[in-house]
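Student: Hi! I have a structure open and would like to walk through it with you. Can we go topic by topic?

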Amino acid sequence: MSGIRSTGFLHLGNYFGAIRNYVRMQTEFNCFFMVADLHALTTHPDTKELKESVQRVLAENIACGLDPEKAALYCQSHVPETAELYLLLNMLAYKGELEKTVTFKEKARQHPDNVNAGLLTYPVLQAADIALHRADLVPVGKDQEQHLEMARNFVNRFNHRYGDVFPEPHAFNFGDELIKVPSLDGGGKMSKSQNQYATIYLSDEDELIRKKIKKAKTDIAPEKPNSPKPESIQNLFLLMKLVSEEDTIQKFEDDFNHLTIRYGDLKNQLAEDIIRFVSPIRERAKEIFNDKEYLKKVMTSGAARARESAQSTLKLVKSAMGMDYF
Ligand code: ADP
């Protein structure tokens with residue numbers, strides 16, 4: 001189980017942190033993936049672009065290789081059982097722990113005029129999404145580690161108080177560790193809602209990708225052989241590891257270590273390799289986005305599958321809580 005908020009265009013961070021794992025998981029597990037439109041409302045109260053954003057996130061997920069026949073793909077608000085479980089889990093979440101959440105503190109700082117209760121209880125809604133399908137594996141990027149820990153706390157508290165209903169959810173990634181795709185300005189992560197110029201979107205046209213990479217932060221050239229890489233250079237190599245061939249990476253590693261590196265060449269190569277990766281996804285996503293009938297079919301059948309799973313979980317929840325009154 002995992003989700004992506006409908007707050008803008010998907011980017012390389014979403015792909016390598018999350019979607020790449022979804023695509024592999026769909027053939028091995030019973031999967032639920034959703035567009036988190038309710039979570040989007042915690043920071044994006046203006047809903048003018050919501051519909052388009054939901055459709056685009058869905059289209060981009062499918063263009064990345066998610067198959068609605070294999071995994072259930074749905075929109076969060078189409079499964080009202082989510083809200084019911086969220087309400088019940090809210091009774092097990094404490095104000096103090098919610099206030100300490102790093103993402104809450106960050107977002108409260110960014111939007112001081114809109115520190116709403118939904119933002120504070122964001123991790124509870126996320127725990128509800130996961131627990132709704134009694135999911136144990138949650139493919140997410142590194143930025144979600146703390147939320148997953150909170151989800152574990154909430155479901156463990158539930159199990160402890162009312163009896164075992166939920167498995168413990170864990171962040172999942174096919175590699176050795178969770179991934180953080182860095183932004184191109186030398187600090188932070190690529191993100192849908194910030195640093196538009198420091199983030200490569202799956203919808204970016206080739207020329208824009210070249211421009212963004214050209215502008216990416218670099219550092220002075222190394223002065224001694226085999227020096228440690230400064231952070232901004234480390235970040236460019238990290239991106240290269242995601243999209244470039246093994247021998248290309250090795251060539252630039254050698255150039256760096258032998259003091260023959262030219263950052264301009266590194267960037268040109270990186271830009272071309274990103275374009276090779278992004279352009280087929282971009283073109284496919286455009287086609288899917290324009291096929292509204294198909295999107296409707298995907299969302300309808302995904303919601304039906306998700307609701308079936310959700311209703312059977314809620315039955316267990318209510319029975320464990322003694323809320324089966326007749
Ligand atoms: P955003 O931060 O862009 O709004 P979301 O919060 O909707 O993205 O996150 C959707 C998924 O993408 C989550 O699993 C998250 O961990 C992952 N993700 C987002 N940004 C990155 C990044 N820069 N690197 C790795 N994973 C990321």
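Tutor: Happy to. Keep in mind that this is a predicted model. Let's begin with tyrosine 162, which is partly exposed at a relative accessible area of 28%.

Student: And phenylalanine 158, buried or exposed?

Tutor: Phenylalanine 158 is buried, because its relative accessible area is 1% and the cut-off for buried is under 20%.

Student: Which residues make up an aromatic cluster?

Tutor: Tyr15, Phe16 and Phe277 form one.

Student: How does the pocket lining divide into nonpolar, polar and charged?

Tutor: The pocket lining has 23 polar residues, 14 nonpolar and 10 charged.

Student: OK, how many cavities of 30 Å³ or more does the structure hold?

Tutor: There are two cavities of 30 Å³ or more.

Student: What lines the largest cavity?

Tutor: Among its lining residues are Ile4, Tyr22, Phe33, Met34, Val35, Leu58, Asn61 and Tyr74. At least two lining residues come from each of β2, α3 (50–63) and β3 (72–75). By class, the lining has 10 nonpolar residues, one polar and no charged ones.

Student: And which residues line the second largest cavity?

Tutor: That lining consists of Pro68, Ala71, Leu73, Val298, Ser301, Gly302 and Arg305. Helix α14 (residues 292–320) supplies the largest share, four residues. The lining divides into four nonpolar residues, two polar and one charged.

Student: Tell me about α14, then. How many residues does it have?

Tutor: Helix α14 has 29 residues and reaches 41 Å from its first C-alpha to its last, close to the 42 Å expected. Its buried residues include Leu295, Val298, Met299, Gly302, Ala306, Leu314 and Val317.

Student: What follows α14?

Tutor: Glycine 322 follows α14, and its phi is positive, near 75°.

Student: How does helix α11 look by the span check?

Tutor: Helix α11 (residues 231–243) has 13 residues and spans 19 Å between its first and last C-alpha, close to the 18 Å expected.

Student: Which residues of α11 are buried, and what do they pack against?

Tutor: The buried residues of α11 are Ser232, Ile233, Asn235, Leu236, Phe237, Leu239, Met240, Leu242 and Val243. They pack against α1, α12 (246–257) and α13 (263–290).

Student: Two single residues before I go. Where is asparagine 114?

Tutor: Asparagine 114 sits in the loop between α6 and α7 (117–120). At 25% relative accessibility, asparagine 114 is partly exposed.

Student: What is asparagine 114 in contact with, leaving aside neighbours within four places in sequence?

Tutor: With those neighbours left aside, asparagine 114 is in contact with Thr42, Pro45 and Leu119. Asparagine 114 and threonine 42 are 72 residues apart in sequence, and 8.6 Å apart in space from C-alpha to C-alpha.

Student: And where does glutamate 99 lie?

Tutor: Glutamate 99 is in helix α5 (residues 95–100), and is partly exposed, with a relative accessible area of 36%. Leaving aside neighbours within four places in sequence, glutamate 99 is in contact with Phe104, Lys105 and Leu120. Glutamate 99 and leucine 120 are 21 residues apart along the chain, with 6.7 Å between their C-alpha atoms.

Student: Great, thanks for the tour!

Conventions
Residues numbered from 1 in each chain as written. Predicted model: local features only at pLDDT ≥ 70, side-chain atom pairs only at ≥ 80, totals over all residues. Heavy atoms only, no water. Nonpolar A, V, L, I, M, F, W, Y, C, P; charged D, E, K, R; others polar. Expected span 1.5 Å × (residues − 1). Buried < 20%, exposed > 50% of the residue type's maximum accessible area, 1.4 Å probe, protein only. Contact = heavy atoms within 4.5 Å. 1 Å grid on protein atoms, 1.4 Å probe; cavity = no way out; pocket = protein on both sides within 12 Å on 5 of 7 lines; lining within 4 Å. Points joined across faces, edges and corners; volume = space filled by probe spheres on them. Phe/Tyr/Trp six-rings, centres within 6.5 Å; stacked < 30°, edge-to-face > 60°.
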